[in-house]
Amino acid sequence: GNTVESVFAHLYRAMSKTKSQRQSFCSSFVRLIDDQLKNYQLVKYLTQSLATLPFIFQETLLHVLSGVSRIVEFKGTDILGVLKQQQHAGNGSSTISGEVTSVPGLLYILRLKKYLKTAFVISSARIQAYTSVESKQTPITTK
């Protein structure tokens, strides 16, 4: 077939010999997406690159999906809070919060999540189960 492959595919293969290396590589992508959420062009490029990595193990996909789910959950909640505040304060579209400028980036993340779930037939319940187990094993770090 004429499959599109990520420009990072060779690097992914070279650096992903173990579970820990695969997860670290993908976590770096997810953190960069999270850190650059307001730069929607970069987020678009990163999500497209991540979507076309040569994934072999479902656990790696679950790791990625868990990470992007957390971004959507936390950033989405922040954006909804800001919009509710603006609505209650009577601020229409005159003031655009920094959080709201993340919306285009979040849309790319949602597209990535939908694509990976569909392409690799992974259910939301499976992602949630993986996230629950992972959160018990992985210490939470703050910025």
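**Reading helix packing**

Analyst: Helix 3 and helix 5 (residues 103-119) pack with their axes 8 Å apart, at an angle of about 10°. Axes are lines fitted to C-alpha atoms, for helices over the stretch in contact, and angles run from 0 to 180 degrees between N-to-C directions. Helices are DSSP runs (H or I, at least four residues), numbered from the N terminus. Helix 3 is therefore roughly parallel to helix 5 (angles under 35 degrees; over 145 is roughly antiparallel). Helix 3 contributes Y40, V43, K44, T47, L50 and A51, and helix 5 contributes P104, G105, Y108, I109, L112, Y115 and L116. Contact means heavy atoms within 4.5 Å. The residues of this contact divide into 10 nonpolar, two polar and one charged. Ala, Val, Leu, Ile, Met, Phe, Trp, Tyr, Cys and Pro count as nonpolar, Asp, Glu, Lys and Arg as charged, and the others, Gly among them, as polar.

User: What kind of model is this?

Analyst: This is a predicted model: local features need pLDDT of at least 70, side-chain atom pairs count only at pLDDT 80 or more, and totals for chains, interfaces and linings use all residues. Residues are numbered from 1 along each chain as its sequence is written, and side-chain values use heavy atoms, with hydrogens and water left out.

User: At what angle do helix 2 and helix 3 cross?

Analyst: Two packed helices are described by the angle between their axes and the distance between the axes. Helix 2 (residues 19-35) and helix 3 (residues 40-51) cross at roughly 160°, their axes coming within 10 Å. So helix 2 is roughly antiparallel to helix 3.

User: Which residues of helix 2 and helix 3 meet?

Analyst: F29, V30, L32 and I33 in helix 2 meet V43, L46, T47, S49 and L50 in helix 3. Seven are nonpolar, two polar and none charged.

Conventions: Helices (H or I, at least four residues) and strands (E, at least two) are DSSP runs, numbered from the N terminus. Angles under 35 degrees count as roughly parallel, over 145 as roughly antiparallel, 65 to 115 as roughly perpendicular and the rest as oblique.
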